[in-house]
Amino acid sequence: MNDRFKSPLAGAKVGSGGRNLGEVLNLRGVSRRDFMKFCTLMTATLALPKDMVERVAQTLETARRPPAIYLEFQDCAGCTEAMLRMPHPTVTDVVLDVLSLNYHETIMAPAGQAAEAAREATIEAGDYLLLVEGAISTKDDGLYCTIGGRTAMDLLEESARGAVAVIAVGDCACFGNIPAANPNPTGAVGVSEIVRGVPIVNMAGCPVNAVNLAAMIVYYLTFESLPHLDDLLRPDFAYAERIHDHCPRRPHFDAGQFVESWGDEGHQRGWCLYKMGCKGPQTKHNCPVVEYNEGTSWPIKAGHPCIGCSEPQFWDTMTPFYRRLPEVPGFAVESTVDSIGLALTGITAVAVGAHAVGSILRKREAGETGDRDVAEQEGTTETTEEGGHDAQDRD
Ligand code: SF4
Ligand code: SF4
């Protein structure tokens, strides 16, 4: 736990009156079995020991639901949709029901003054969680994003003041994302550029993974504190490791087996997407473990490269999306995995490129005996490549 984030929350029990979650889930017809499945999923997502499942369940059953305000600014509402469209009821139920969601512009019934009154009453009562989706316009005093005649900056500052924590939901709220992409005409920024003096958690991704968001809230209720965060304010349980480190296609990377064009034999056989622009070696997110849509799939599993959506400014730093990493502008490398022996100048690309080059070399040394043979040999090869976002490995 980062000390700077522990103290403001320690003992700050949010939640006031009303039904606890156990009662709410009962009313909604969520079975005990589904509830325990949810608790198991949360415990696994948080990388907690199995014997914590019971504690998580007890906490959730008895916890008073914390009041919450959910603001939306410059966004596509995709993160809200990602939560609402979950096929299985429990995650959505718990995300929505674990919180006493007093204000959410997209899904709340009241509108206009009644809606604003709900937000104001929650602020007045204090001790609430603030969730924010979307970037915040700052240019020209923030006039490019206004709600009810007030700027997003103004609404955010006012709503954050009495919050016990602010959770930035999705990459727009975390880092500005698409609205902030070059040339960023509205001066869009993430929550942490505006809010001061309140703990902030960045739940990065485009969209956020609803399972991770639920796990974040469950952690908060269970331990009455925030989980350990990296220097980008992302919780370690979801963002400590690179996509590349847990990718099911990794054995093909190690074996030098790459997709060379869409639909080729390698693509059909599930080989590595590095040459097709995969940003997995640069991206920290638990997609390979949690997947999306409750474990149905995720981009690489579906045959598409990772585009690095949990990293800051990925529209500027990870594009062109279909160009392999060492050739992506900003990585300062001229070499490619095919160019043996060229000097690689970027730290990350050195590691990634060198590793891939090594794979190619080993493949050639194997006398082009066939990719499957090489894969078998390489399957036992221990890799030490330490590429990825060294600049973000700050903990
Ligand atoms: S992070 Fe992506 S999905 Fe979420 S609001 Fe922004 S653009 Fe939409
Ligand atoms: S480069 Fe992409 S597809 Fe290949 S192993 Fe790494 S994360 Fe997986």
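**Note on the predicted model**

1. A47 is found in the loop between helix 3 and helix 4, and in this predicted model its phi is near 55°, a positive value in a residue other than glycine. With 14 other C-beta atoms within 10 Å, A47 counts as partly exposed. A second residue of this kind is E291, whose phi is near 60°, again positive in a residue other than glycine. E291 has its place in the loop between helix 16 and helix 17, and it too is partly exposed, with 17 other C-beta atoms within 10 Å.

2. Helix 4, which covers residues 53–62, has V56, A57 and L60 as its buried residues. Seen down the axis of helix 4, these buried residues fall within an arc of 100°, and they therefore line one face of the helix. The partners against which they pack are helix 2 (21–27), helix 3 (32–45) and helix 11, while on the other side of helix 4 the residues E54 and T62 are exposed.

3. For the chain as a whole, there are 19 helices and nine strands, and buried residues make up 48% of the 395 residues. Of the contacts with a separation of 6 or more, 72% are between residues 24 or more positions apart.

4. The largest nonpolar core holds 96 residues, and the members that touch the most others in it are V166 and A168. Helix 11 (residues 210–223) gives the most to this core, with 11 residues. Because domain 1 (3–239) and domain 2 (243–392) both give residues to the core, it lies between them. Leaving aside neighbours within four places in sequence, A168 is in contact with V132, A173, C174, G190, V191, I200, V201, N202 and M203.

5. Around ligand 1 there are 13 residues, of which D75, G78, G170, C172 and C206 are the closest. Helix 5 (78–84), helix 9 (171–175) and helix 10 (177–180) are the elements that give two or more residues to this shell. By type, the shell around ligand 1 divides into six nonpolar, four polar and three charged residues.

6. P207 has its place in the loop between strand 9 (200–203) and helix 11. Another cis peptide bond joins T319 and P320, where omega is about -5°, and P320 lies in the loop between helix 17 (314–317) and helix 18 (347–365).

7. Ligand 2 is surrounded by 14 residues, the closest being C247, C272, Y274, C278 and G280. Helix 13 (243–246) and helix 14 (250–254) each supply at least two residues of its shell, and the shell divides into 10 nonpolar, two polar and two charged residues.

8. With 30 C-beta neighbours inside 10 Å, G280 counts as buried, since the cut-off for a buried residue is 20 or more. Not counting residues up to four places away in sequence, G280 touches R242, I243, H244, C247, I300 and C306. R242 is 38 residues apart from G280 along the chain, yet their C-alpha atoms are separated by 6.6 Å.

Definitions and conventions: Residues numbered from 1 in each chain as written. Chains lettered and ligands numbered in written order. Predicted model: local features only at pLDDT ≥ 70, side-chain atom pairs only at ≥ 80, totals over all residues. Near = placed C-beta within 6 Å. Helix = DSSP H or I, 4+ residues; strand = E, 2+ residues; numbered from the N terminus. Nonpolar A, V, L, I, M, F, W, Y, C, P; charged D, E, K, R; others polar. Core = buried A, V, L, I, M, F, W, Y, C linked by C-beta atoms within 7 Å. Buried ≥ 20, exposed ≤ 12 C-beta atoms within 10 Å, placed from the backbone. Domains from an automatic or database assignment. Contact = placed C-beta atoms within 7 Å. Arc of directions from axis to C-beta.
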